[in-house]
Amino acid sequence: MNTPILSAHNLVKHFSAGGFGAKRKVVRAVDDVSFELARGETLGVVGESGCGKSTTARLLVQLLTPNSGSVRFDGKVVGPELPLKAFRRQVQMVFQDSFASLNPRMTMIDSIAFGPTVHGASAAEARRKAQDLLDRVGLDPARFGGRYAHELSGGQRQRVNIARALAFDPQVIVLDEAVSALDKSVEAQVLNLLMDLRRERGLTYVFISHDLNVVRHISDRVMVMYLGEVAEIGPASSLYTAPRHPYTKALLAAMPSLDPDRRTHEAPLAGDPPNPIDPPSGCRFHTRCAQAFGPCATQVPSQFAVAKGHLAACHLNRSEETVA
Amino acid sequence: MAVTAENIVPLATVDKSQGYWRAVWSRFLRDKVAVCAGLVAAGLVLMAIFAPWIAPADPLQGTMLKRLSPIGTEGYPLGADELGRDMLSRLIYGARLSLFMGVVPVLIAFAIGSAIGIAAGYLGGWVNTITMRTLDVLYAFPSVLLAIAISGALGAGILNGLLSLTVVFIPPIARVAESVTTSVRKLEYIEAAQASGASSLRIVRDHVLGNVLGPIFVYATSLISVSMILAAGLSFLGLGVSPPNAEWGLMLNTLRNAIYVQPWLAALPGVMIFMTSISFNMLSDGLRSAMDVKQ
């Protein structure tokens with residue numbers, strides 16, 4: 001198999017939640033997360049709020065330093081083997097809040113041109129590139145180039161944010177809920193833009209969203225996270241049609257459907273996820289799982305390979321081959 | 001009026017990017033209160049610069065017979081002080097030292113305090129904790145007491161007064177700078193800049209400064225009046241400006257005994273201090289809203 005373009009190896013990120021010494025409390029935002037991204041594929045990441053999706057994204061682009069674990073780009077460990085600045089050119093991020101991600105005092109051209117100038121482009125070159133990119137994401141540079149963030153609509157701003165990420169000529173873009181805040185018609189346009197760009201430039205995406213329909217539409221593979229851990233990861237088609245983790249099943253059952261016969265009659269999942277400061281023992285999902293049995297409360301489930309490239313961390317699959 | 005091609009504003013000109021400062025200037029001009037305040041402040045500054053040409057009399061030359069003449073006395077349009085010196089001339093000359101003692105310590109403290117506060121706010125973590133707790137030690141002193149203590153230790157004189165006032169204003173300005181920077185640092189455009197691989201210094205210069213200096217500056221200008229009053233207090237104790245120099249705070253202090261005899265006369269330096277501080281405050285307020293792109 002080819003070297004994965006980007007891979008996460010046992011990433012752990014704990015945030016301090018106050019307290020000293022023995023009483024020190026930590027939020028286990030991301031706990032032992034590993035996955036690989038093949039060149040040109042799109043990995044969707046889904047899960048409830050607070051499950052560590054955004055933290056994973058920030059660890060992946062090195063905006064946060066993991067407590068342990070590493071990120072590799074093209075097989076090289078970022079930091080010791082690949083300088084951070086070189087890595088930054090290759091992996092970019094688009095954030096959820098299109099307004100907060102643009103400097104309110106910078107024009108759109110300047111915002112996009114900032115990145116290339118950091119990496120040594122002249123001001124004129126960077127501006128020319130910014131104009132080309134504005135044009136590419138569907139905004140007339142003559143009309144929008146000199147505007148400020150508040151003078152644009154949400155969809156237009158998110159296009160600028162995408163252009164800013166593209167200005168580095170990156171290979172990977174991490175999209176953290178990048179279309180979630182947009183209204184549906186605009187969301188569809190931006191999604192189409194993202195898919196066109198992926199084809200044109202051979203981009204690899206990590207697409208984080210809570211919208212399962214959108215994730216299915218855009219992703220080749222999907223990763224389901226629960227309380228900082230990977231519950232299930234696999235090809236979008238098999239994960240959506242044959243989920244092997246009860247949590248994935250519950251999420252899919254919660255998807256709104258237009259078909260009245262497939263109407264959901266009762267909430268597939270009750271209550272909020274448990275507190276990540278003190279996660280449940282064994283399988284973290286067993287407190288809310290309808291199918292929990294013997295080992296769930298005590299043993300941490302391994303990643304069982306349930307199909308080719310499809311892993312599920314659930315004891316129901318223990319007959320399958322263990323991967324990790 | 002008929003709608004013709006001429007009076008429809010063409011799209012191209014609307015969307016053409018105006019320079020940032022030109023836009024600020026045009027927004028500022030629309031704010032009438034700020035423009036008035038600006039004119040008053042400019043007038044005060046001009047008055048200070050051209051004092052020798054404007055003042056009708058020598059501010060230091062007194063006539064004993066005219067002591068505490070009321071406002072409107074012939075030859076003394078604003079009366080005479082307790083030593084028979086022309087009030088109008090003293091008020092005009094007083095602008096020099098008063099503005100100097102009001103503005104300069106605040107400007108120096110603005111530069112130093114902003115640098116400390118922005119650095120602490122941007123770096124966060126233990127750097128922030130150590131810096132801000134250290135400043136809190138200074139902040140805990142009542143400002144008058146701190147200024148007196150420093151001035152007292154250094155001795156009398158304008159420069160020592162300046163220094164002590166500067167030290168007094170650094171902690172509050174740094175505190176405001178720190179809190180504004182901390183809130184800006186959490187925004188995603190700073191994260192985006194970090195993800196671009198730019199150095200911290202560059203991020204602060206290109207993305208943080210423009211978004212934090214406005215609020216810090218407005219806060220700093222509100223300290224100008226405090227600085228003038230504190231300087232007056234120092235002068236009163238013989239630590240700052242010393243008589244017979246004309247300085248509004250000092251005049252306010254020396255005339256306080258005359259408040260039962262000539263209350264209006266005694267109030268005049270206070271009126272000047274009030275006018276200066278309110279015009280500077282309104283001016284800075286107008287500048288802040290003019291610099292706000294979201295208008």
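Let's start with the buried residues of helix 4 of chain A: they are A:Ala126, A:Ala130, A:Leu133 and A:Leu134. Buried here means under 20% relative accessible area, exposed means over 50%, and partly exposed is in between, with a 1.4 Å probe and protein chains only. Seen down the axis of helix 4 of chain A, these buried residues fall within an arc of 100 degrees, so they line one face of the helix. That arc is taken from the directions from the helix axis to the C-beta atoms. As a reminder, an α-helix has 3.6 residues a turn, so residues three or four places apart point the same way.

Before I go on, please keep in mind that this is a predicted model, where local features need pLDDT of at least 70 and side-chain atom pairs count only at pLDDT 80 or more, while totals for chains, interfaces and linings use all residues. Residues are numbered from 1 along each chain as its sequence is written, chains are lettered from A and ligands numbered from 1 in the order in which they are written, and side-chain values use heavy atoms, with hydrogens and water left out.

Back to our helix. What do the buried residues of helix 4 of chain A pack against? They pack against helix 3 (108-118), helix 5 (141-144), helix 6 (154-166) and helix 7 (184-201) of chain A. Contact means heavy atoms within 4.5 Å, and helices are DSSP runs (H or I, at least four residues), numbered from the N terminus. On the face turned away from the buried side, helix 4 of chain A carries the exposed residues A:Asp132 and A:Asp135. After the helix comes A:Gly138, with a positive phi near 90 degrees.

Now over to chain B, and helix 8 (residues 158-185), where we find B:Thr166. B:Ser164 also lies in helix 8 of chain B. Leaving aside residues up to four places away in sequence, B:Thr166 touches B:Pro105, B:Ile108 and B:Ala109. With neighbours within four places in sequence set aside, B:Ser164 is in contact with B:Ala147, B:Ile150, B:Ser151 and B:Leu234.

Last stop, helix 12 of chain B. B:Phe274 has its place there, and helix 12 supplies the largest share of a nonpolar patch, five residues. Helix 3 (32-49) and helix 12 (263-291) of chain B each supply at least two residues of that patch.
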